[in-house]
Amino acid sequence: MLLIRIYTFLVGFINCIFFKVICSSSEFSLDGDYLLGGLFPVHEVEQETFLFNPVVTDCKRYTFSTSGYQMFQVMRFAIEEINNSTRLLPDVSLGYEVFDHCSDTKNLPSVFSFISKNGSIKPREKLNSHQSKVIALTGPYGSTRTITIAPLVTMDLIPLVNYGATSYTLSDKLQYPSFIRTIPSNKDLIQMIIHIIQWFGWNWVAFLGGPDNYSEDGLRLFYKYTSNTGICLAYQETLGQSANYNLTLKKINKLNINVIVVFALPIYAENTVRAAIANNIRGKVWIASETWSMNQQLLKEPGIEKIGTVIGITERLLSLPGFDEFIYKAKARSAYITDNAECKIPTMTCNQDCNNCSLVSPEEIINEDPTLSFAIYAAIYTIAHALHKVLHCNMNQCSINTTVKPYMLLGEIKKLDFPLHGLQVKYDVNGDPTIHYAVVLWKTETNPPQIEIVGTYDTFPELHFTINNSLMPWHNNTFVPFSNCSVECKEGYSKEHTGYYDCCFLCKKCPQNSYVNYSRNPYTCFPCAESEWSDEGSTTCKARDVVYLQITEIPSIAVITSTACLINILIVMIFIFAYNYSTPVVRSAGGSMCFLMLVCLILSCLGMIFFFDEPTPVSCRLRNLLYMFFYTVCLACLAVRSFQIVCVFKVAAGFPNFHRLWVKYNGQWIFVASFSVFYLIICFIWMTVLPIKPSRDSVSIKDQILLTCERGHPIPIIIVVFISWFLGFLCIFFSYMGRDLPKNYNEAKSITFSILFFCVIWIVYFTAFGFIKGKNIQLLNALTQVLSVYGILISYFIPKSYIMLFQPKKNTAAYFQTSIQNYTQTISRS
């Protein structure tokens, strides 16, 4: 049984290939010096059926395609035009043989006919020995059909100049070395679609295709070229003839997708659009691939105006001068042949038979979708120009004795660069042409509906893409439809991914001292450099002002002036106390210890000058060290002085031995000296092990970098501050114990006031430290140091100087003796 079936197939195959058409006037063939092959879908198999027998598809039994027939006529027109020309191929005629290519996989006999030599195929024959029936061929229409037959054609390096296969796979020259196309590849088409999507700011799209190589290749390329564009493929589906189009459209509607890319052959695009009309789908944007962007039948479909806006992509439409006249003449001649009984058209011509061709009017052919017309026209002219090169033609003649091999034409085709009706025809290393796309808009609300060009996309001589937005009357005359997963973030907000898709995000306001750069990375708030700053929600950083406490500023001059005055007053005090050294007032104030206190106060003031100008390691160490050390020594003197007065009047009676030893060994000096050495060691360790260093404060004030000194380690600071405040506590404690001593010897009030003033101003400083920012806090620190010195000067030394200068009668031994007697009498009475 199997042998019978194989025999039947071979008999039919041989009859199909080698049967000669009796009528030389047949549209499907033309004699010539060099023969070209053509494959066109004069009929279309709408749905392939699975066959158990190797039977060739009889195309005339299926649906007649006016569009395919029109493509066929363009090839005939181009060849006739070339044959009538005396410049391209003088004295050389082109012939052709055309087959009706209606099936994706069941039209191989036509290809076998093309690659045969004298009715036979010898696979092992050397390339330079083999001479195929045709020197080149064009077609077929569709990527799947081309991929099916291409290996057979390219095996012998026969140029396959294609007009209707866009799959990017065919650009692989290792697999398809002799494939050339005059129509852009899917790569170019997908990039064009992406340009349109980005032009209008969409990123939430659906992609619908058919069960064929064309759509599969387009989907693969769409995934590839949208990977880093921010465009999300929210939904994609392959739709066959039996697919549930209604359910697909409902899913798209549910996902709020308003942009739908229909990258499919016309039959599947028609099913999709009709399903959208039937399901009352409204307000969508439909992006049509070049296969159906000029579909006149869909354009006039009832209800098409309700589904939204249709944007199509097509090759730049060019009219072919003389084509209309050719069609009228050809149809008239065809009618004559049909009526001529002497011309017998055989019944079995292996897909070179067309019952409906004679019924098509010239107007139907002329008004058919012209999308591929120029591509077919350019394909024939490409072959003719290559033959012109191989035959070394000039203006008058060609070298007709030259043997022409298909691979010779292939070599010349790769080098071609010629103008054709205003466009440049040339091919890149992959055999792909220059791109001249047009963006078209379906104006479905006009009567009759029209297709208008609204944009262009060219790659030659340079890349250029534009759309005239004023020509885009969106559905219901609204703004550009919204088709994004998330609303774009406001300026200064970064994106935060949510969900699976990159274009679905939340908006997060960039914090202070950071910014978002949308061109760099919209998902990150980049930190500003240390020398820069920014407010919340910024897109750039601003330069900070570098500030520090300058000596030339008015507040600085005021503090320095007051300090200078203070130092001068203290120096005057030294002279006053030295002049009155032997008087009771000086001895009661501490005698020689007064000079130590005054010198310490002068030296503590010197630390103030290190607060001004740009901080250095030395100034940062000395600005607080001088004050804290010498002022603390002064506090130690005050504490000793308070204790000494109490010791004379109260401790001497209760603890005579202690008083004797205190007086004998000058206990006050031993205490002050010992304490000073101990405190100096602590300060030395502080400044060497954990020193205070210069720092750049970029936190306190947002738009400034404050040159200051760091706070330092808290432990040594706590220790030195604690010692100072502890001495102050002792001063107050001993002053309280001696509050009832003789008036002239009672220092309780003055010492208590000095210490309380010292505590109050430093409490004020530490309180203000949390509120005052910038260089003013340094100024306040310097002022606090000066005021604390003023406190001791005013409360302790000024009153004694006043007595010495203006009340000398109180600065006598008798006056002091009277005070002691009165105190003794008071104690004895109590």
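How much space lies in the largest cavity? In this predicted model, the largest cavity holds about 150 Å³ of space.

## Cavities

The structure holds five cavities of 30 Å³ or more. The largest cavity, at about 150 Å³, is lined by 13 residues. Those nearest its centre are Thr182, Glu315, Phe374, Thr434 and His436.

Two elements give two or more residues each to this lining: helix 12 (373-390) and strand 15 (423-426). Strand 15 gives the most, with four residues.

## The largest pocket

The largest pocket contains about 1,400 Å³ of space. Its lining is made up of 47 residues, and Glu44, Ser65, Pro266, Ile267 and Glu270 are the closest to the pocket centre. Several elements give two or more residues to the lining, namely strand 4 (63-64), helix 2 (66-83), helix 4 (143-154), helix 8 (266-278) and helix 9 (296-299).

Which helix supplies the largest share of the lining of this pocket? Helix 8 does, with six residues.

## Cis peptide bonds

A cis peptide bond runs from Gly139 to Pro140, with omega near -10°. Pro140 is placed in the loop between strand 6 (136-138) and helix 4. Helix 4 is also one of the elements that line the largest pocket.

Another cis peptide bond joins Phe460 and Pro461, where omega is about 5°. Pro461 is found in the loop between strand 17 (450-458) and strand 18 (464-467).

## Positive phi angles

Leu157 is a residue other than glycine with a positive phi, near 55°. It lies in the loop between helix 4 and strand 7 (160-162).

Asn513 counts as partly exposed because its relative accessibility is 25%.

## Helix 16

Helix 16 covers residues 592-606, and its 15 residues should span 21 Å at 1.5 Å a residue. The C-alpha atoms at its ends are 22 Å apart, which agrees with that expectation.

Which residues of helix 16 are buried? They are Met593, Cys594, Phe595, Met597, Leu598, Cys600, Leu601, Ile602, Ser604 and Cys605. As background, an α-helix has 3.6 residues a turn, so residues three or four places apart point the same way. The buried set of helix 16 includes Met593, Met597, Cys600 and Ser604.

## A nonpolar surface patch

Val677, Ile681, Phe684, Ile685, Val689 and Leu690 form a nonpolar patch on the surface. Together these residues have about 570 Å² of accessible area.

Phe684 lies in helix 19 (residues 667-689).

Notes
Residues numbered from 1 in each chain as written. Predicted model: local features only at pLDDT ≥ 70, side-chain atom pairs only at ≥ 80, totals over all residues. Heavy atoms only, no water. Expected span 1.5 Å × (residues − 1). Buried < 20%, exposed > 50% of the residue type's maximum accessible area, 1.4 Å probe, protein only. Patch = residues over 30% accessible without salt bridge, like charges linked within 9 Å, V, L, I, M, F, W, Y side chains within 5 Å. Areas by Shrake-Rupley, 256 points an atom, 1.4 Å probe, with all protein chains shown as cover. Salt bridge = Lys/Arg side-chain N within 4 Å of Asp/Glu carboxyl O. 1 Å grid on protein atoms, 1.4 Å probe; cavity = no way out; pocket = protein on both sides within 12 Å on 5 of 7 lines; lining within 4 Å. Points joined across faces, edges and corners; volume = space filled by probe spheres on them.
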